[in-house]
Amino acid sequence: MFWINLAGVGLIVLIVWWFWIYKSPSVALQAGVIEVIVKEGVYKPSKIKIRANEATTIAFNRVDPSPCSETLLIPDLEINATLILNKKVSVEIPALLPGRYPFHCQMKMYVGELVVE
């Protein structure tokens with residue numbers, strides 16, 4: 001019984017860490033298009049730094065067959081894109097003011113952030 005409880009607590013800790021504590025490293029856009037892989041429950045990279053006042057293209061490559069990974073929402077920009085399995089889908093980001101713009105799937109299980117500087 002002790003081992004079952006210990007395994008349960010360990011699983012709870014892992015879930016809390018994965019969804020609320022873990023922060024992936026950010027990637028700054030160097031030139032051209034940046035590619036984001038949608039895989040294993042996350043966007044890789046999930047934090048993307050882009051320049052203010054410049055339009056940008058982000059290519060999302062969905063390799064995760066989960067139905068939740070199919071939709072990309074950027075609410076502040078009114079962007080709603082359907083990500084096709086095993087195909088790159090380009091999402092045009094307009095010129096933005098500095099700030100933070102979250103993006104996610106429809107259930108907010110996949111989360112990311114555009115950091116505009």
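**Figure 1. Pairing of strands β5 and β8 in the predicted model.** In β8, Lys88 is the bridge partner of Asn61. The model shown here and in the following views is predicted. Strand β5 covers residues 56-62 and pairs with β8 in the antiparallel sense, over six bridges. Strands of a sheet pair through backbone hydrogen bonds, either parallel or antiparallel. Thr56 also belongs to β5. With a relative accessibility of 4%, Thr56 counts as buried because the cut-off for buried is under 20%. The C-alpha atoms of Thr56 and Pro94 lie 6.5 Å apart, although 38 residues separate the two in sequence.

**Figure 2. The open sheet of four strands.** The strand order is β3-β2-β5-β8, and the pairing is mixed. The edges are taken by β3 (42-44) and β8 (88-93); each has a single partner strand, so one side of each has no neighbour in the sheet. From one strand to the next, the twist averages 30°.

**Figure 3. The salt bridge between Glu35 and Lys88.** Glu35 and Lys88 form a salt bridge in which the closest N and O atoms are 3.2 Å apart. This pair links distant parts of the chain: Glu35 is in strand β2 (residues 34-39) and Lys88 in strand β8, 53 residues apart. Glu35 is partly exposed, at 31% relative accessibility, whereas Lys88 counts as exposed, at 55%. Lys88 is also the residue that bridges to Asn61 in the pairing of Figure 1.

**Figure 4. Two further salt bridges.** The structure holds four salt bridges, among them Glu40 with Lys44 and Glu54 with Arg51. Side chains of opposite charge can pair when their charged atoms come close. Between Glu40 and Lys44, the closest N and O atoms are 3.3 Å apart. Glu40 is exposed, with a relative accessible area of 52%, and Lys44 is partly exposed, with 36%. Between Glu54 and Arg51, the corresponding N and O atoms are 3.8 Å apart. Here Glu54 counts as partly exposed at 39% relative accessibility, and Arg51 counts as partly exposed at 43%.

**Figure 5. Strand β4 and its parallel partner β10.** Strand β4 spans residues 47-50 and has two faces: Ile48 and Ile50 are on the covered one, Lys47 and Lys49 on the uncovered one. In a regular strand the side chains alternate between the two faces of the sheet. Strand β10 (residues 111-116) runs parallel to β4, and four bridges join the two. Ile50, from the covered face of β4, has Val116 as its bridge partner in β10.

Figure 6. Strand β6 (residues 71-74) is antiparallel to β7 and joined to it by four bridges. Asn80 of β7 is the bridge partner of Leu73. In β7 (residues 79-82), Ile79 and Ala81 make up the covered face, while Asn80 and Thr82 make up the uncovered one. Four residues lie between the strands of this hairpin, and Glu78 takes a positive phi near 55°.

**Figure 7. The surroundings of His104.** His104 is placed in strand β9, which runs over residues 99-104. Its relative accessibility is 10%, so His104 counts as buried. Leaving aside residues up to four places away in sequence, His104 touches Tyr43, Thr71, Leu72, Leu73, Pro75, Tyr110 and Val111.

**Figure 8. A nonpolar patch on the surface.** The patch is formed by Leu11, Ile12, Leu14, Ile15, Val16, Phe19, Trp20, Met107 and Met109, which together have about 910 Å² of accessible area. Leu14 is located in helix α1, residues 2-21. With a relative accessible area of 48%, Leu14 is partly exposed.

**Figure 9. The whole protein, for orientation.** The protein has one helix and ten strands, which follow the order α-β-β-β-β-β-β-β-β-β-β from the N terminus. It has 117 residues, 38% of which count as buried. Of the contacts between residues at least 6 apart in sequence, 57% join residues at least 24 apart.

Technical notes. Residues are numbered from 1 along each chain as its sequence is written. This is a predicted model: local features need pLDDT of at least 70, side-chain atom pairs count only at pLDDT 80 or more; totals for chains, interfaces and linings use all residues. Side-chain values use heavy atoms; hydrogens and water are left out. Buried means under 20% relative accessible area, exposed over 50%, partly exposed in between (1.4 Å probe, protein chains only). Contact means heavy atoms within 4.5 Å. Two strands pair if DSSP finds at least two bridges between them. Patches are made of residues with over 30% relative accessible area and no salt bridge: like charges are joined within 9 Å, nonpolar side chains (Val, Leu, Ile, Met, Phe, Trp, Tyr) within 5 Å. Accessible areas come from the Shrake-Rupley method with a 1.4 Å probe; for residues, only the protein chains shown count as cover. A salt bridge is a side-chain nitrogen of Lys or Arg within 4 Å of a carboxyl oxygen of Asp or Glu. Axes are lines fitted to C-alpha atoms, for helices over the stretch in contact, and angles run from 0 to 180 degrees between N-to-C directions.
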